[in-house]
Amino acid sequence: MKLHTYGIGRPVVWGFFVCLLSMGAVRIISQVVSENARSSWAKDESHSDLKIQATVIQAFQEKYGELFRIIEHVKSDSALFAELRRSDEQGTVEAFTRLSRHSQRFESTIDIVDPRGTIVAWSGRSITSGYERFLPHNGGDSFVVILQSGLHTYVSAGVLMEKKDFYVIASRPLELQFPISNRFVSRISFSDELTRATGTEVRIALNTTSQIHSHEKTRFVPLRDLDGRTIAYTFFVPFTLNTILQSVEAESGQWTRFLTALAVLFFAVAVWQISRRFPSLLLRVTVLTVLTWLVRLTWRILDFPGELIGGNFFSATVYSSPFYFGLTTSVGELFVSVFALCLNSVAIWYNLRDHKPSGLRDLKSVVAWVVGMVLFFVLFIWGVRGYAEAIRTFVFDSTLEYQDASALVPDVYVSTMYMNILLLTTAVLSILTVALQHVRNVWRGTPFSSLPWWLASTIMYGFSFGLFMLVSSSPHFPLYHPILVFAVGLVLVELLTRNNSAGSGPSFTKTATLFIFLSFVVAMPILDVRIHEKERQQVRTLVDTFLRPVDSWLSFVLTDGLRTVRDQFQASLFDPQEDRSNSMAFSLWARTLMSHEGFNSGVIVYAQDGKELSRFSVGMTTFEQKELLNKLFDGEEETVQVIERVESGAKEKSYGLWSSLRDENNRLLGSVALMLSASQRALFRGEAIEAIRPVSLPAFESSFREVAVSEFRRGSLVSTTMNDWYGSMPLSDDVMDRMAREKTGYVWKTEIVGSREFESLYAAPEGPDGRIMVVSLESHDLRWHLLDVLKVFMIYAALLLCIAVVNWFFAKRKSEVTTIGFRGKLVSAFGILGIIPLFLLGYYNRQVASERLQENITRTLSSDLELVEQRILGAVLDEEDFQRGVNNDFCEVIAAEIGVDFAVFRRSELLSSSRPELYQSKILDSRLPGRAFANVVLLEKALYVESETVGEVEYAVGYKPVFFERKFAGVIAVPTLYRQREIEEELAQRNAFVFGVYTLVFGLVLVMSFVVANRLSRPIRELTKAADEVGKGNLDVSLKPTSSDEVGNLTRTFNEMVRELKTSREEQKRTEREMAWKEMAKQVAHEIKNPLTPMRLSVQHLRQVFKEKARNRESILQQVSKILIDQIDALSRIATEFSRFAKMPERKFERVDIQELLGESVLLFRDVRGIEFRTKYSDTPIHLVADKDELRRVFINIFRNGVQAMERGGVITVESSVESNCCVVRISDTGIGIPHETGSRVFEPNFSTKTDGMGLGLAISQRAIQDIGGTITYQSVPQIGTTFEISLPV
Amino acid sequence: MRFVPCIIVLFVSTLAFGQVHNLLDRRKAIAVHQTSDAATMLQKIEKGIERGSVSEFSPFFSSQVYLSFLGQEGYYSSNQTTSVLQNYFQTMKPLSFSFSSYQDKGNNPYATGRLTYALKGTRESAQVYVSLARQESKWVITQFNIY
């Protein structure tokens, strides 16, 4: 069976069968591998463990090997050590600077340590205060050690210099030890690296008490230092035969699913290729639709391509919706579904767009058609409701930030969602376009065609809209939306069909541009509305969390925290007697639910004697903690204690719980207290708190707009984070009235605060406590919207560029000429010329804005540092008082008063901070950075600002030395980390201001360039159009010059040229006519003369016979009469032939099956002896519209010529096919052929090589073919034969 | 041209996805309406978790649910929460579950219990915490945590 005869392409067949064969191969391979694993498992089991161990050890060696390479590089910097050995301040500063460069280059901590272990120069995060314990004491000159510091475990390597005066130590984080993963904490995991490398779960720990939970057969590999001492352990779950078999099965299943997905695609393509030959358009389109969704559903069932790509792209946590019957449960699934939908709808549009139905003539059929269209429009509006719901779910069922103004380019997920919106909108518009084009085509044939089609469509649509509103009382979309969709549809149809009357529609790129641009116009307003709705919903959720009584939940969080802490001690992970570091409390806190949930909370660990060993708290003031602890220890063990405090007029609850700590042998180790504040979550206490939260709250932490929270009690303001509101401010009467009237407990109000507009939600809890919470969100202004428009526009422009490039590529492959019109070139040129300076200006402006921002930061840091310094100097008596009195509590009080958080360093080490938790958790470094130390402590610079990095966040820190009586006492540091949010807000505002305005300007530039280009190119386009008309033979064209410039002259010259051409053409026609008449007269005379001569001779002969009264005069009379009649018949025939040439009968056009007609014509010649007819017809019938009799005469004429050319017999071959939308008929004979010298005249009238013909047959045939838009040509080889080729449009 | 409307109707029917959303909303409203007290709702949730059948309690999800699982947490829409939990229970097949601690009185009912599940052939366990809140005089799930 030859598949290509069914229209199936060879690659498709190959692809399908290769997939099937590959599936079989995968199955066989998996069976073989599984059998091998079973048979050799006894032998391989131990090898498997050894292999994992070897991989782990090698990976660890590579880790510290890299550190040794860094050390070698630092050691080679002889200038650094020369400066250090100078032992003067300038030398030390230079050494710090050089060290900093190495540290930044290799992204690692580098410490220079003297032989006693004291750090003399450093750069990067501090790992330990000193290296005494770790330096080799056995005469070795290098070492490797693993250290726990803050949130991370570090691996450090050190090498002694050749002069034995310094150790160079390099360190890098190895593992994040706590379940905290936000942008302030680097998510570094050696365990994950090992898990990926070995294929089994691997965890790293500093002691053997940690194991991978619930796995009994955990094995461990010790990690050893250079001397073979164990410094850490890695635990892994060994492979079992089952896990190996399962992994083989999983792997083969994955491949099989992938190959099945491809096979289904090939199968669908093959069926589609077959369906293209179906005569019924309905059937073709139905098959295409069914195939599209068959492939999509199969892919969903096979989890393709989700299984291949995975990640957040196919995760429900980014987006998930139940619509479309489970085909849209992630961003990726949505994209594939919407792509299929768009492909389907565009294919339908493409198939139906040029279909021209016959008009409706009678009133009854018009009414039936109008009713049908109204019903269709009702269904379409129902579809628009689905579309609006889809956009709603794109926003509401996702965690995406569509309007993140701090980022100029949207991330991949948001960009994909914008693409989804585009595809969905294109699908909707293409459906509408099909319908409107149908109305346009049908309406012209109705008796009411004097009414414009668009008006008829609008009336029907309006009526449908009314019907829909009657049926669906809550339409789920803004009412303007279906109207906007319809209006855009009308514009689209008008633009798409504008040039069709001239026979050429817009190009593919222009069509894509129209669809993309108009989809953008349709989608953006509804998207904007939905985003705004979601913001309001988020505000509502936030208010609900404030109003919700949380006692039970907080009690649970606290008791669960206690359970976690006790588990840690029972598992002997901590021992208060041994571990007295501050980090112990932080380590415990970081593992509790209090930390997970981001509550302001704390943990305090006490020794057996009640002495406090370690404390960590976040967001709770010292006073609050003291008050709670006093009550806590008055109560019973493991009983939740609650205190209520009045803070800024509002009640705040704090919860506490204490318990003794015991090890697994029930030995008393000490006790622990857990504290938790029920006040608002850390989010509203400042940005820094986010640093020690596991993840960010998605609602407003990333918001670039201000969110303010306020509380009213009994009609007056008691607390607020809104800058321009003041204490005791009365609640507005309007809100009070609406609260009383609407009875929902929620009132939205737009209000101007300062110079900004806010949308505020006022909410009252159930019950009569007189409290009203207010959450205010800064409103968007036009600039923000323009920035969003710019971002979406950029994505769609990029897509359009891709389409244009792909189109150009394919056109080039087909050797087609793709051109951009003159107007298009002008618009492009103006657009490019307009956008380049805009981009340059935008880039420059952003640079300037960034620099100004940096300057502002430096200025702010400087004033903050001075403020802190003044407060400290005002409160502290002398240097001794400074060292003792400036503690965390002192800093906290000052920070609360002046609103600036800060830290104080005693030379290089931290003395105190208003945010000690950030230093205790080691999120911020408690060691002064090397360069800051060099500049502020050694050089005593009045202000030093350095950029530092914590996790993924880069921030600036200002340092200032403090002096007492001109004697250095310490360093004040103000990090902007606390203000990161303000900085991002500032950046977002600048983005909106700069790029929002530029978007407006760019839009104006584009519109202006279009207008100007249109104006400039109009004369050229008119000239082109006129030239086309002239080319088609219309010489009555005349253009009106619109200017006196070159283009005006060109127009005038063109008009002159056309006039001359017309005159010349008329002259030529007249000459040709005369010539034709002359030729005709000559020919007629010649033809008439031929019979006249025998007639004259016969009549003369007859006269002579009668004159001589000959006997046989009767028989001669008979002979002459016959001759005369014959010659008169000849004259009559001549007259008929000329008459037929001069005037053809009226044509009767009808649908003709060309092959059937050829068959009928061949039948007429079947009895001709010695002539064989061979036919090669196309497989499918070829229909065209023509005069059947006329076409039959053409074929008969050619057949007769062929028969006459083969006096001794021969073969006539008749072929038919469809080539390039034309029906091609080839008729070949094996006759004597046409001589070269006469070849050029065969289609001329009166030319014939035969003696009995008039020479008009082929001339008449050519005229008949040309009149229906076809061509007739021939090729002839003398004595071989002649082939006539007739090409007719289908 | 009779077939053009037919085709378009056929095709518009594929555009019906948004309507499913409305149907679900209606189903949800009915389910929430039928479950008037917190204790009954918590029992339904318990049974649903035990069977790994999220659809049994998904109608009770608030429009924004605070969800915490496998190190991820945040506010998710009810549809997202349903999908996320369905995926979770597909991977972690529940073996047994019951609430060990109830608080079905007051304005903020909650329940917590230990979930035992099978993961790649091994038994694992996790703590499940569910918290309800009253919204427009109906109980809804506002928090679903799996530690």
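In chain A, three strands make up an open, antiparallel sheet in the order E6-E8-E7. Its edge strands are E6 (202-205) and E7 (219-224) of chain A, each of which pairs on one side only. From one strand to the next, the twist averages 25°. The model is predicted.

**Strand pairing**
- Strand E6(A) is joined by four bridges to strand E8 (residues 230-236) of chain A, and the two run antiparallel.
- Within this pairing, A:Val202 stands opposite A:Phe236 in E8(A).
- In general, the strands of a sheet pair through backbone hydrogen bonds, in either a parallel or an antiparallel manner.

**Helices across the sheet**
- Helix H1 (residues 10-75) of chain A lies across E7 and E8 of chain A and runs at about 30° to E7(A).
- Helix H4 (residues 190-198) of chain A lies across E6 and E8 of chain A and runs at about 150° to E6(A).

**Cysteines**
- Over all chains, a search of the whole structure finds zero disulfides.
- A:Cys802 is accordingly in no disulfide; the nearest cysteine sulfur belongs to A:Cys342 and is 15 Å away, whereas a disulfide requires sulfur atoms within 2.5 Å.
- A:Cys802 has a relative accessibility of 47% and therefore counts as partly exposed.
- A:Cys19 has a relative accessible area of 5%, so this residue is buried, the cut-off for buried being under 20%.

Key. Residues numbered from 1 in each chain as written. Chains lettered and ligands numbered in written order. Predicted model: local features only at pLDDT ≥ 70, side-chain atom pairs only at ≥ 80, totals over all residues. Heavy atoms only, no water. Pairing = 2+ DSSP bridges. Axes fitted to C-alpha atoms, helices over the stretch in contact; angles between N-to-C directions. Contact = heavy atoms within 4.5 Å. Buried < 20%, exposed > 50% of the residue type's maximum accessible area, 1.4 Å probe, protein only.
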